[in-house]
Amino acid sequence: IDGASAKDLDDAVSLEKDEKGRWILGVHIADVSNYVQGGSALDREALKRGTSVYLADRVIPMLPVRLSNGICSLNQGQDRLTLSCLMDVNEKGKVISHKIAETVIRVDERMCYTDVKNILEDTDEVAKKRYEALIPMFFLMKELSGILRSRRHTRGSIDFDFPESKIILNAAGRAIDVQPYEANVATRIIEDFMLLANETVAQEYCTGDYPFVYRTHENPDPEKIESLLMLLHNEGVNIQKSGQEITPGEIQEILESIEGMPNEAQISRLTLRTMKQAKYTTECSGHFGLAAKYYCHFTSPIRRYPDLQIHRIIHDRLRGRLVREGRTEHYKEILDEVARQSSVCERRADEAERESDKLKKAEYMSYHLGEIFEGIISGVTAYGFYVELPNTVEGLVHVTTLVDDYFHYNESTYELVGEVTNIRYKLGQRVHVMVTGTDKILRTIDFRVVRENEEE
């Protein structure tokens, strides 16, 4: 189950329930390591790239397309080599036993998220008829996904649920629309199953003390947390830390306590900015955001190098080569550099993806100069404030365009206050703005506040 336009399909799922009420979940991952041998020219180039990069108008793949979209991709009706994490899960969502195995699978159906979502929400009779045989499994998946999500929530996992941007391009590559793209029941099912497989694999290799690459996420910076708590206090939300450092459960409590507030999305983003960046390490020090003791990236070897490296280690262990052929020492020598390089490449790719989206948004808004939109103040600084439109486009209202008064920035309350008029601009406030300028090179959009008499 993947996005409709995806061509590099590296995961498949199977699910059944036995007579004892236990779930038998299979997460089957493309075995790229069979085709990309360690130390080969292909492997060196893959490590150099570190990850596939998904820009607004193209994909720059980590591996050649003949591999990523071809023989490695889990295409429907084709026999494919895979590494499978087969898990027995009890009614509370706990993995009671598991096996990681070298397998061959054949995908029955290449589903897209939209069809699965529509089937589960009973909104598409054509899809229901076409995939009739699989419908019971989809409902089992939805049930198990709910159990897994609830279990993660109970232990304190933090769920930031921001809409992503979906940029629609025409045949010439020009941005003709920008829409919010929200997670749905189908995307959540796959996310929950992949998280469980990643945790299960990480736990086996950490407790077994094998050389490995983990996905780790450190505790937030205490100073950033203090300023966040101060802002919340000013907004009437009082969250007390139980200890010196904040816990994932307390962050979760913050997000729940601001639900329904007009500036919920903006405070959520500020909360996210207090977090440190997750990275790859050879130490299993846990994942703060997921409230997980063990975590790794095992499920996307077509597009992420650490997953590919992990698959090699698993193969060597399953075939007895870790000890017999001295592969353990080899991995101990190379993995620190693999983790470092992968973290660097991931940050570079994220930055490129963000900038590419900003460029296309600036291009789209250049066709709407002089138009008026309603948005929400998403960020406040000394030089002005940012306004986010319902379609996720964000632009700056520069303080020099606020001609009614001289505005001071209040850092503790995140607001601009007029010296004479006492007019205030603060997080979450609704404002009407006019698009006054865009710059594709700088990737910026400029707004100015529109007064009520102007709108008429």
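Okay, let's start with Lys360, which touches Ala56, Ile167, Leu169, Gly173, Arg174 and Ala175, leaving aside residues up to four places away in sequence. By touching I mean contact, that is, heavy atoms within 4.5 Å. Quick word on where this comes from: it's a predicted model, so local features need pLDDT of at least 70, side-chain atom pairs count only at pLDDT 80 or more, and totals for chains, interfaces and linings use all residues. Residues are numbered from 1 along each chain as its sequence is written, and side-chain values use heavy atoms, with hydrogens and water left out.

Back to Lys360. You'll find Lys360 in helix α12, residues 327-365. Helices here are DSSP runs of H or I with at least four residues, strands are E runs of at least two, and both are numbered from the N terminus. Is Lys360 buried or exposed? Buried, with a relative accessible area of 10%; the cut-offs are under 20% for buried, over 50% for exposed and partly exposed in between, using a 1.4 Å probe and protein chains only. A polar atom of the Lys360 side chain sits 2.7 Å from the backbone oxygen of Gly173. And look at Val178: 182 residues from Lys360 in sequence, but 8.9 Å away in space, C-alpha to C-alpha.

Now the sheet. We have an open sheet of 4 strands, in the order β1-β2-β5-β6, with antiparallel pairing. Two strands pair if DSSP finds at least two bridges between them. At the edges stand β1 (11-17) and β6 (95-106), each with a single partner strand, so one side of each has no neighbour in the sheet. On average, neighbouring strands of this sheet are turned by 20 degrees against each other, direction ignored.

Next pair: β5, residues 79-89, and β6 run antiparallel over 11 bridges. Within that, Asp79 has Arg106 in β6 as its bridge partner.

Two helices to point out on this sheet. Helix α5, residues 135-155, packs on it, touching β1, β2 (23-30) and β5, and its direction makes about 95 degrees with that of β1. Helix α10 also packs on the sheet, touching β2, β5 and β6, at about 100 degrees to the direction of β6. For those angles, axes are lines fitted to C-alpha atoms, for helices over the stretch in contact, and values run from 0 to 180 degrees between N-to-C directions.

Last stop, inside α10 (residues 305-318): Asp307. Asp307 is buried, with a relative accessible area of 0%. A polar atom of its side chain lies 3.2 Å from the backbone nitrogen of Thr299.

Methods:
A polar contact is a pair of N or O atoms within 3.5 Å; within protein, one must be able to donate a hydrogen and the other to accept it, and residues adjacent in sequence count only if both atoms are side-chain atoms.
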